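Me: I am new to this one. Please show me the sequence and the structure, and then let us go through some questions.

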Amino acid sequence: MRVIIDSHVHIWNIDKVRYAWPTPDDADLYRNIEPVELKPLLGAAGINGTVLVQAADHAEETDYLLEQAKQHEYILGVVGWVPIDRPDEARRQLEKHAGNRYFKGVRHLIHCENDPDWLVRPEVLEGLRVLAAYGKTFDVVAVFPNHLRHVPDVAQQVPGLRMVLDHLAKPPIALGVGMEEWAAQLEAAASHPNVHGKLSGLNTACDWNDWSSDDWRASVEVAMRAFGAERLMFGSDWPVANLAGGYERVWEATNEVLAGLSERERAAVLGGTAKAFYKL
């Protein structure tokens with residue numbers, strides 16, 4: 001049986017964990033969204049498992065995600081958080097999670113940092129070296145144009161760190177300008193073999209109320225040329241996906257843009273790459 005993995009979903013419980021986002025202004029998302037709501041969506045799509053990705057920069061949420069992973073067999077891994085800008089503390093937290101089979105990697109909401117160069121601060125690079133030493137991955141919220149340009153530098157300075165660009169670094173589809181520069185930066189990042197890409201979040205990079213898979217094609221073609229199927233993985237970005245169509249529509253669009261690939265390539269993007277990258 002082909003393994004199909006959704007490499008990027010979020011859950012949250014606003015009664016138990018503090019979040020900077022969503023806020024009460026985000027009425028459709030500002031509620032408890034937990035695995036019981038996710039399971040039927042995965043089942044309807046024929047997806048075997050998923051990876052939970054952090055949505056808050058503190059250890060409290062990571063503990064919550066790991067606890068949920070223990071309780072639901074279709075949660076195959078967790079991308080949590082450690083303070084990578086405080087390397088000694090990051091090391092202590094990584095040591096704490098070293099024996100947890102669900103703890104696969106780390107993410108930090110770098111796009112929420114005021115400093116657009118946060119990713120290449122010396123203390124952050126040192127924290128990423130610590131992360132690499134523990135064999136954990138790094139999900140990069142490299143939102144174009146502020147962060148993607150730094151990824152090649154990180155890849156060179158921390159060559160042992162396996163990175164994945166969440167949402168293909170948000171190509172400026174809706175803007176209609178800047179796509180050539182995005183493509184050039186993505187290709188520069190992908191020239192480093194330790195960098196991967198997530199085919200996720202493209203629906204919210206489009207006009208939320210008027211998009212189709214055709215709007216994704218140019219971005220996906222760039223990503224396929226840059227990474228190849230063996231370094232590209234599918235993610236729904238649910239429940240954020242609900243802002244622009246929802247899970248089913250994202251899944252259908254993903255399959256539409258991948259229809260021209262070989263069976264081997266589709267198998268990689270829809271599961272094989274995530275399984276290998278996160279060691280699921």
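Me: How far apart do the centres of the positive and negative side chains lie in the protein?
Reply: This is a predicted model, where local features need pLDDT of at least 70, side-chain atom pairs count only at pLDDT 80 or more, and totals for chains, interfaces and linings use all residues. Residues are numbered from 1 along each chain as its sequence is written, and side-chain values use heavy atoms, with hydrogens and water left out. Lys and Arg count as positive, Asp and Glu as negative; His and the chain ends are not counted. A charge is placed at NZ of Lys, CZ of Arg, CG of Asp or CD of Glu. There are 28 positive and 40 negative side chains, and the two centres are separated by 8 Å.

Me: What share of the residues in the protein is buried?
Reply: Buried means under 20% relative accessible area (1.4 Å probe, protein chains only). Of the 280 residues, the buried ones make up 56%.

Me: Which residue of strand 3 stands opposite Val51?
Reply: Strands are DSSP runs of E, at least two residues, numbered from the N terminus. Strand 3 covers residues 75-80, and five of its six residues are buried. Strand 2 (residues 49-53) pairs with strand 3 in the parallel sense over four bridges; pairing takes at least two DSSP bridges. Opposite Val51 stands Gly77.

Me: What does the C-alpha trace span along its principal axes?
Reply: The protein holds nine helices and eight strands; helices are DSSP runs of H or I, at least four residues. Its C-alpha trace spans about 45 × 40 × 40 Å.

Methods:
Buried < 20%, exposed > 50% of the residue type's maximum accessible area, 1.4 Å probe, protein only.
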